[in-house]
Amino acid sequence: MMDIKALLPPAHVVIQPEVGDRRALWHALTQPLLDEGIVQDADIFLRDLERRESQLTTRITDLVALPHARSNAVRRLGLCLGLLAQPGLRYDDDSDALCRVCFLIAIPAFAPTAHLPVLQHLAAFAFDPARVEKLMETKSAALAARQVAGFKPQSRT
Amino acid sequence: MRAVLERLLEVQELELVMAESAILHGDRHPACAGRLKKKVEALRRDVDPVVLRRFDQLRARGNMAVSREIDGVCNACRLNVPKGDINRMLRGAMEWVCPNCGRFLFLSALP
């Protein structure tokens with residue numbers, strides 16, 4: 001499993017963004033990556049996120065989604081975390097589940113599998129209900145980043 | 001060649017989505033996973049077996065078998081593709097392959 005700390009500084013954690021729908025959430029989470037030059041064109045990246053989501057949902061539990069997309073608008077691998085206030089956001093048209101935790105991953109088109117270890121780490125985190133519960137209660141960006149980066153998944157046997 | 005590479009680009013993307021899905025969903029979305037698999041199989045059926053074998057060899061070597069050429073640069077190896085080579089590819093006098101990394105090269109310019 002990889003070290004998430006470098007990918008998820010506190011500046012990449014957005015606590016309780018005021019968003020009304022999925023696209024607005026993605027936009028809010030893209031902003032820190034845009035500010036750092038990781039994403040160069042938000043419109044292209046959001047279009048690529050939409051295209052990826054249309055292939056197969058990236059919501060992996062009722063509470064957690066991991067939207068990601070390969071894009072020519074991405075310069076290097078980037079990760080951003082959004083923690084939504086209750087009751088959460090309806091993420092899929094085909095489900096009434098309300099999403100509260102969203103990890104957005106920006107993947108450069110020239111390194112299409114660079115994110116797979118990150119996905120593995122975050123998926124393992126998402127399937128640990130106690131960790132997710134604790135993360136949702138966190139009010140500090142630094143603490144949230146530490147909780148995710150400090151998580152050590154149990155090896156599957 | 002453009003139509004074949006468009007098809008292979010789609011196969012490459014869908015196979016990556018399937019790899020992601022295995023991590024994210026495991027067996028929880030069998031219908032969606034089955035739909036993706038069928039789409040990949042249908043796309044593969046219409047590709048010349050020789051091209052397909054080379055595609056699979058490239059995928060096995062480094063995940064990316066088809067790269068896009070953007071502004072004269074291969075998007076996989078990030079090296080310049082000589083303008084003369086691009087013109088030869090567009091004329092059909094040369095395979096659409098990056099001369100630097102050997103991946104299939106999807107040209108942005110129309111012939």
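Contact means that heavy atoms lie within 4.5 Å. The exercises below use this term for a predicted model, in which local features need pLDDT of at least 70, side-chain atom pairs count only at pLDDT 80 or more, and totals for chains, interfaces and linings use all residues. Residues are numbered from 1 along each chain as its sequence is written, chains are lettered from A and ligands numbered from 1 in the order in which they are written, and side-chain values use heavy atoms, with hydrogens and water left out.

**Exercise 1. Describe the fold of chain B.**

Step 1. Chain B contains four helices and three strands; helices (H or I, at least four residues) and strands (E, at least two) are DSSP runs, numbered from the N terminus. Their order along the sequence is α-α-α-β-β-α-β.

Step 2. The C-alpha trace of chain B spans about 50 × 25 × 25 Å along its principal axes.

Step 3. Of the contacts in chain B between residues at least 6 apart in sequence, 59% join residues at least 24 apart.

Step 4. Chain B has 111 residues, and 43% of them are buried. Buried means under 20% relative accessible area, exposed over 50%, and partly exposed in between (1.4 Å probe, protein chains only).

**Exercise 2. Determine whether Gln12(B) is buried or exposed, and list its contacts.**

Step 1. Locate the residue: Gln12(B) belongs to helix 1 (residues 2–24) of chain B.

Step 2. Gln12(B) has a relative accessible area of 6%, so it is buried.

Step 3. Set aside the neighbours within four places in sequence; Gln12(B) is then in contact with Phe55(B), Arg59(B), Asn63(B), Met64(B), Ala65(B) and Val66(B).

**Exercise 3. Characterise the contact between chain A and chain B.**

Step 1. Chain A contributes 23 residues to the contact, and chain B contributes 21 residues.

Step 2. Together the two chains bury about 1900 Å², 61% of it on carbon and sulfur atoms. Buried area is the accessible area (1.4 Å probe) that two parts lose on being put together, summed over both.

Step 3. On the side of chain A, Gln55(A), Leu56(A) and Phe110(A) lose the most area to chain B, together 31% of what that side buries.

Step 4. Three salt bridges are counted between chain A and chain B. A salt bridge is a side-chain nitrogen of Lys or Arg within 4 Å of a carboxyl oxygen of Asp or Glu.

Step 5. Arg70(A) forms a salt bridge with Glu20(B), and their closest N and O atoms are 2.8 Å apart. Both of these residues, Arg70(A) and Glu20(B), are buried.
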